Amino acid sequence: MVTKTEETQLNRLENQVDNGGGGAWEYLCLVRKLKVRRSEKVLKHGLSILNDLKQRSSLGSDEWTLYEQVAVAAMDCQCLDVAKDCTKVLRKRFLESKRVGRLEAMLLEAKGSWELAEKAYTSLLEDNPLDQAIHKRRVAMAKAQGNISVAIDWLNKYLETFMADHEAWRGLAEIYVSLQMYKQAAFCYEELILTQPTVPLFHLAYADVLYTLGGLENLQTAKKYYSSTIDLTGGKNTRALFGICLCTSAITQLTKGKSKEDKEGSQLQSLAAKVLEKDYKQRAPDKLPQLTTALKSLTLSS
């Protein structure tokens with residue numbers, strides 16, 4: 001995941017390059033390092049270097065890395081002729097390269113030649129069954145065709161081998177949520193929290209899923225994970241603060257105020273409400289009346 005500092009650095013460098021201040025190669029390197037998708041910018045600035053013989057020659061062996069980067073960006077932008085030209089240059093230079101073979105399969109995929117792309121990916125996986133990038137391309141291709149059940153199957157098979165891939169777990173969780181398969185999504189977020197316990201986004205997503213599932217036990221656990229999200233973000237996550245209020249209200253309705261936890265919960269709800277009101281006063285004072293009404297309705301319902 002890209003940090004705020006890295007994103008600020010990337011945006012600053014992007015503005016510099018866009019305004020003619022130089023640094024195109026440094027920008028492209030940073031995009032690659034952070035694994036972000038800025039396809040239009042990469043295509044524009046990458047081609048400006050590749051089309052300049054002097055600049056291209058100065059890159060040394062990194063020239064081929066740039067051809068690959070521009071080819072992928074061109075596919076994203078549906079500039080398939082550019083992607084094809086870049087891939088041809090790479091194939092001419094690396095005749096037996098499986099990496100170039102992956103690019104060629106991606107080009108078939110970009111053209112919508114699904115069957116040919118699938119054959120190409122299958123062939124590449126026969127040579128190297130542990131190629132993570134190709135496994136993920138097959139998942140992406142299934143999703144692009146609307147074959148969500150196939151995408152789920154391939155992701156599950158992939159995770160049997162690459163259990164530590166948090167991006168795959170997150171992708172699978174998001175698919176399950178979109179299909180309202182919340183129990184399966186909860187399992188995915190549990191795996192993510194086990195491997196990356198300090199990422200507040202995963203705590204928040206898990207809490208959201210548990211709240212959606214409902215039931216006393218799920219609501220109590222959801223409240224704990226909303227609380228951990230608040231701890232991990234220094235009390236600055238608005239969604240988690242709302243989650244505390246919603247969970248407390250729902251738990252009180254289910255237990256009818258008979259649980260010892262209700263008293264502690266009402267205190268936590270009151271504290272979360274105060275933080276929300278303070279935040280809204282500073283950042284969205286015009287929305288404060290709506291917030292106050294919403295919080296009062298939660299208090300009354302509980």
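Guide: Helices here are DSSP runs of H or I with at least four residues, numbered from the N terminus. The model is a predicted one.

The part to look at is the largest pocket, which holds about 1900 Å³ of space. Its lining is made up of 45 residues, and those nearest the centre are K35, R37, K136, R137 and E167. Sorted by class, the lining comprises 22 nonpolar, 17 charged and six polar residues. Six helices each contribute at least two lining residues: α2 (24–34), α3 (39–50), α5 (62–76), α7 (98–111), α9 (132–144) and α11 (166–178).

The position of this pocket follows from the domain division. Domain 1 covers 1–95 and domain 2 covers 96–159. Because residues of both domains take part in the lining, the largest pocket lies between domain 1 and domain 2. The C-alpha centres of these two domains are 23 Å apart. The domains also touch: 13 residues of domain 1 are in contact with 12 residues of domain 2.

K35, one of the residues nearest the pocket centre, deserves a separate word. K35 sits in the loop between α2 and α3. The relative accessible area of K35 is 73%, so K35 is exposed, the cut-off being over 50%. The backbone of K35 has a phi near 55°, which is positive although the residue is not glycine. Q78 is another non-glycine residue with a positive phi, near 60°. Q78 belongs to the loop between α5 and α6 (80–93).

The second largest pocket has a volume of about 160 Å³. Its lining consists of M1, V2, K4, V199, P200 and L201. Five of these lining residues are nonpolar, one is charged and none is polar.

Next come the nonpolar cores. The largest nonpolar core contains 43 residues, and L172, Y189 and Y226 have the most contacts inside it. Its biggest contributor is helix α13 (residues 200–213), with seven residues. A further core lies apart from this one and has 37 residues, including L10, A74, A83 and C86. Once neighbours within four places in sequence are set aside, L172 is in contact with I152, L155, N156, L159 and C188.

E190 is placed in helix α12 (residues 182–195). With a relative accessibility of 33%, E190 falls between the 20% and 50% cut-offs and is therefore partly exposed. From E190 to A73 the distance is 34 Å, C-alpha to C-alpha, with a sequence separation of 117 residues. S297 is part of helix α17 (residues 288–301). S297 is also partly exposed, because its relative accessible area is 42%. S297 and S249 are separated by 48 residues in sequence, and their C-alpha atoms are 9.6 Å apart.

To return to the part in question: the largest pocket lies between domain 1 and domain 2, and K35 is among the residues nearest its centre.

Conventions
Residues numbered from 1 in each chain as written. Predicted model: local features only at pLDDT ≥ 70, side-chain atom pairs only at ≥ 80, totals over all residues. Heavy atoms only, no water. 1 Å grid on protein atoms, 1.4 Å probe; cavity = no way out; pocket = protein on both sides within 12 Å on 5 of 7 lines; lining within 4 Å. Points joined across faces, edges and corners; volume = space filled by probe spheres on them. Nonpolar A, V, L, I, M, F, W, Y, C, P; charged D, E, K, R; others polar. Domains from an automatic or database assignment. Core = buried A, V, L, I, M, F, W, Y, C linked by side-chain atoms within 4.5 Å. Buried < 20%, exposed > 50% of the residue type's maximum accessible area, 1.4 Å probe, protein only. Contact = heavy atoms within 4.5 Å.
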